[in-house]
Every structure is written in structure tokens, then in C-alpha cells.
Amino acid sequence: MDPHVSTTPFYGARFHRDPAAVYRQLRRDHGPVAPVQLEGGVPAWCVLGYRELHYVVGNPELFGRDPRRWNRWHIVPENWSLRAYVEPRPSALLADVEEHRTRGAVVREALDTVDSFELAAAVERICDTLIDRFAGRGFADLVVEYTHQIPLLAMAKIYGLADDEAPMLTHDVALSGQEGEEAVRAHERTVARMLRLVRERRARPTGDLVSHLVKHPIGFTEDEIAADLFITLGKAHLTTSDWMGNALRLMLTERRFAVDLAGGRSSVGHALNEVLWEDTPIQNHVGRWATQDIQLGGKPIREGDLLVLGLAAANADPQVRPHGHEGATGNHAHLSFSHGEHGCPYPAQEIARTITTTGIEVLLDRLPDTNLGVHPEDLTWRPSVLMRGLTSLPVTFSAH
């Protein structure tokens with residue numbers, strides 16, 4: 001019997017309203033590894049257990065990154081919204097372990113060329129410019145007008161893109177992480193822009209990250225660089241934006257953060273770390289593919305099966321966190337950056353942390369009396385099986 005028949009839908013209104021409840025039900029019904037149905041009736045295994053997920057990402061020889069292994073490609077709809085994340089394409093970041101160790105290291109080198117002090121200064125200027133646009137009216141939507149803009153403007157600087165390209169890129173990168181046919185089109189437009197950027201840098205190299213990849217002696221193709229730039233841009237933009245927005249929501253709705261929001265910066269790091277445990281921007285990651293028949297969490301995983309990395313569910317695993325949110329402060333053992341060979345590289349984590357910390361600190365400095373403009377229950381989350389972020393964050397403050 002197919003274990004995926006009549007299983008829990010891993011998409012839709014119920015999932016988007018309260019994904020944590022879906023994770024809890026899956027854990028109760030199936031244990032640390034659960035059969036799920038993705039949008040379009042596509043079957044997969046969701047790895048919910050902390051230890052099981054750690055095992056999967058720590059053993060790339062057993063659970064590969066190459067989607068060409070998938071045994072269900074024949075049933076995937078052409079307009080599947082997650083296709084952009086599983087479509088086989090030339091990418092060092094998506095390669096299996098041996099190629100990734102060599103070629104992925106070059107991407108990490110390129111990210112490591114970003115100067116954190118220069119980046120922080122650039123982000124401060126970006127934040128001040130954005131705040132200047134709404135500071136005089138006493139209200140704003142911090143997601144639409146602030147957190148959603150900052151990471152892409154910062155990445156545009158890192159990539160050497162012009163500021164006037166940011167609005168369309170912001171729209172398309174955000175849309176590519178949602179559901180539906182338009183997500184596919186947005187992905188195609190963004191990759192096409194990255195390909196043009198690669199060709200521009202090949203013709204006229206500068207000192208930016210893209211030029212580093214173009215000039216590297218390992219010899220990336222244009223398509224490989226464009227694919228990796230899209231992946232890096234998408235992860236940097238949406239995850240960093242949602243990390244910042246989710247932390248601001250926490251600070252605006254939890255009484256224990258109220259004093260620091262009005263008068264200091266000491267809790268910014270605590271809020272950012274708590275979000276990684278409780279409301280991590282990347283909820284689920286698609287995915288890994290079994291390289292052989294194997295048992296995982298008591299389930300029979302077949303060669304070529306797709307595994308969804310349930311990062312949010314693993315962070316809430318009662319086997320490793322029996323007391324819930326207690327103990328999150330100072331604890332960095334979450335899996336929000338994944339782990340192992342294909343985990344988020346350290347230079348990328350530092351770039352994201354610089355952007356989020358600077359963005360929140362500048363806002364606290366400029367608008368220290370910021371208050372939530374709606375009831376917390378009226379805040380809505382963007383529909384996505386992969387990401388966890390608000391559609392808006394209305395606030396009020398004293399006009400300056």
C-alpha cells in the first residue's frame with residue numbers, strides 16, 4: 001500500500017494559517033518522518049525529527065541533493081509552483097556532495113569577499129533612506145516599506161546591480177517563493193536577469209561578487225553562475241526579510257521586549273535567535289533524494305524518494321526541546337540554517353545577520369516609540385510551504 005495515500009496535505013489554507021499545528025499532527029500520527037502530499041498531489045516524506053533531520057543532512061551520500069534522482073518526476077505538473085526549487089539545473093549549490101565540495105567552496109569564497117563593516121554602513125544608509133520616506137507621517141507598513149526592501153537593496157550592492165532594478169527584483173523574488181503558476185514565471189524572469197548580469201560582468205568585470213565567480217579559474221558556465229546567483233539572491237532576500245520582520249513582530253507583541261524596543265538594543269540579538277527557534281523564515285526545504293532504499297524514523301524510504309527537510313518542525317521537536325520556547329536565549333543549536341555539506345555557508349549567515357541586526361537597530365534609533373498598528377491576531381502570513389513571513393506589519397509612531 002502506498003503510504004502517501006490519504007495523507008495530510010502539506011499546503012493550503014489550514015497549513016498557512018497554523019503550520020505548527022500541522023507539524024504536531026504529523027508527529028502524533030506518524031512519528032519523526034511523515035508521508036505528506038505537496039501541492040498538486042505530489043508525494044514526499046517530511047522529516048520532522050531533530051535527530052532524523054540532522055542524520056539526513058549529515059549523510060549526503062545517502063540523501064543526495066541532485067533532483068535527477070527523483071522517482072516521481074513523471075507525475076509532477078508542468079505548472080507546479082515548487083518546480084523552480086527542484087528542477088535539475090547547472091548549479092554548484094545544488095550538486096551532489098563531491099562536486100559541491102569543490103564548486104560550492106568557490107561560492108563561499110565569493111561570499112567571504114563581502115566586507116561586513118562596509119555592508120553594515122551600506123545597510124545603514126539604505127535604512128535611513130527608507131525611513132525618511134515614511135517618518136513624517138506617523139505610520140508605516142514595516143514589511144512592505146522596510147524589511148522587504150532592505151535585503152534586496154543590500155544584495156544589489158553586493159552584486160553590483162543598479163538601485164532602480166530593485167523594485168522589480170523584489171516583486172519577482174518574493175513571488176517565486178509562493179504558490180501558483182505566477183511563481184514559476186517570476187522565477188524565470190529573475191534567472192534571466194541573473195544571466196544578463198553574468199554576461200555583463202564577463203564583458204566588463206569589476207570587483208564585486210559576480211565578477212569573482214566569472215573570473216574564477218575553476219571555469220563556471222554562465223548558466224551555472226546565473227543559477228547560483230538566483231539561489232543566493234532568493235535565500236538572502238526572503239529569508240533575511242522574514243527574519244527581520246518576524247523579529248520585529250516578536251518585539252512589538254511580546255511584553256518582555258517592550259522596554260528594549262523603546263530604549264535600547266540589548267534584546268535585538270535575543271529576538272533574532274528566538275525567531276530562528278520559534279518562527280524560522282525557512283520552514284521547510286525541498287529537498288533531498290534517497291540514493292538507496294533505507295529506513296528512516298521507522299519508515300521505508302525508497303531510492304529516489306523526495307524528502308522535505310522540516311526545519312521548523314525539527315526545531316520544535318519535544319524530544320530535544322521538552323519545555324518548548326524555554327532555553328532559546330543563547331542556544332544556537334537550531335537547524336534554521338540547516339547543517340552539513342549543503343547547509344547555509346557561514347559567510348552567508350554573517351551577511352544575513354549583519355543586515356537584520358542593522359535594520360532593526362536603525363529603526364529603534366530613528367523611531368523608538370514604534371507600536372503595532374493592528375491587533376496581533378489580525379496579522380497575516382504569506383502563503384508558502386517553504387517560508388514563514390508576514391504579508392504586512394502596520395505600525396504607528398511619533399511623526400518626525
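How many salt bridges does a search of the whole structure find? The count is 18. Keep in mind that this is a predicted model. Here are my notes, point by point.

1. **The link between H6 and H16.** Have a look at arginine 366 and aspartate 132, which form a salt bridge with their closest N and O atoms 2.8 Å apart. This pair ties together distant parts of the chain: arginine 366 sits in helix H16 (residues 346-366) and aspartate 132 in helix H6 (residues 116-134), 234 residues apart. As for cover, arginine 366 is partly exposed at 26% relative accessible area, whereas aspartate 132 is exposed at 52%.

2. **Glutamate 145 and arginine 137.** Here is another salt bridge, with an N to O distance of 2.4 Å between the two side chains. Both partners fall in the middle class for accessibility: glutamate 145 is partly exposed, with a relative accessible area of 24%, and arginine 137 is partly exposed too, with 35%.

3. **The network around arginine 83.** Glu78, Arg83 and Glu87 are joined in a network of salt bridges. Now for the cover on each side: is arginine 83 buried or exposed? Arginine 83 has 10% relative accessibility, so it counts as buried. Glutamate 78, on the other hand, is exposed, with a relative accessible area of 65%.

4. **Arginine 201.** You'll find this residue in helix H10 (residues 181-203). Its relative accessible area is 10%, so arginine 201 is buried; the limit for that label is under 20%. What joins the side chains of arginine 201 and aspartate 208? A polar contact of 2.7 Å does.

5. **The positive patch.** Over at the other end of my list, Arg14, Arg17, Arg24 and Arg28 gather on the surface in a patch of positive charge. Which helices each supply at least two residues of this patch? Helix H1 (12-17) and helix H2 (19-30) do. Take arginine 17 as one of the patch members: it lies in helix H1 and is exposed, with a relative accessible area of 58%.

6. If you want a contrast to show in a figure, arginine 17 is exposed at 58%, while arginine 201 is buried at 10%.

Methods. Residues numbered from 1 in each chain as written. Predicted model: local features only at pLDDT ≥ 70, side-chain atom pairs only at ≥ 80, totals over all residues. Heavy atoms only, no water. Patch = residues over 30% accessible without salt bridge, like charges linked within 9 Å, V, L, I, M, F, W, Y side chains within 5 Å. Areas by Shrake-Rupley, 256 points an atom, 1.4 Å probe, with all protein chains shown as cover. Salt bridge = Lys/Arg side-chain N within 4 Å of Asp/Glu carboxyl O. Lys, Arg positive; Asp, Glu negative; His and termini not counted. Charge placed at Lys NZ, Arg CZ, Asp CG, Glu CD. Helix = DSSP H or I, 4+ residues; strand = E, 2+ residues; numbered from the N terminus. Buried < 20%, exposed > 50% of the residue type's maximum accessible area, 1.4 Å probe, protein only. Polar contact = N/O pair within 3.5 Å; in protein donor to acceptor, adjacent residues only side chain to side chain.
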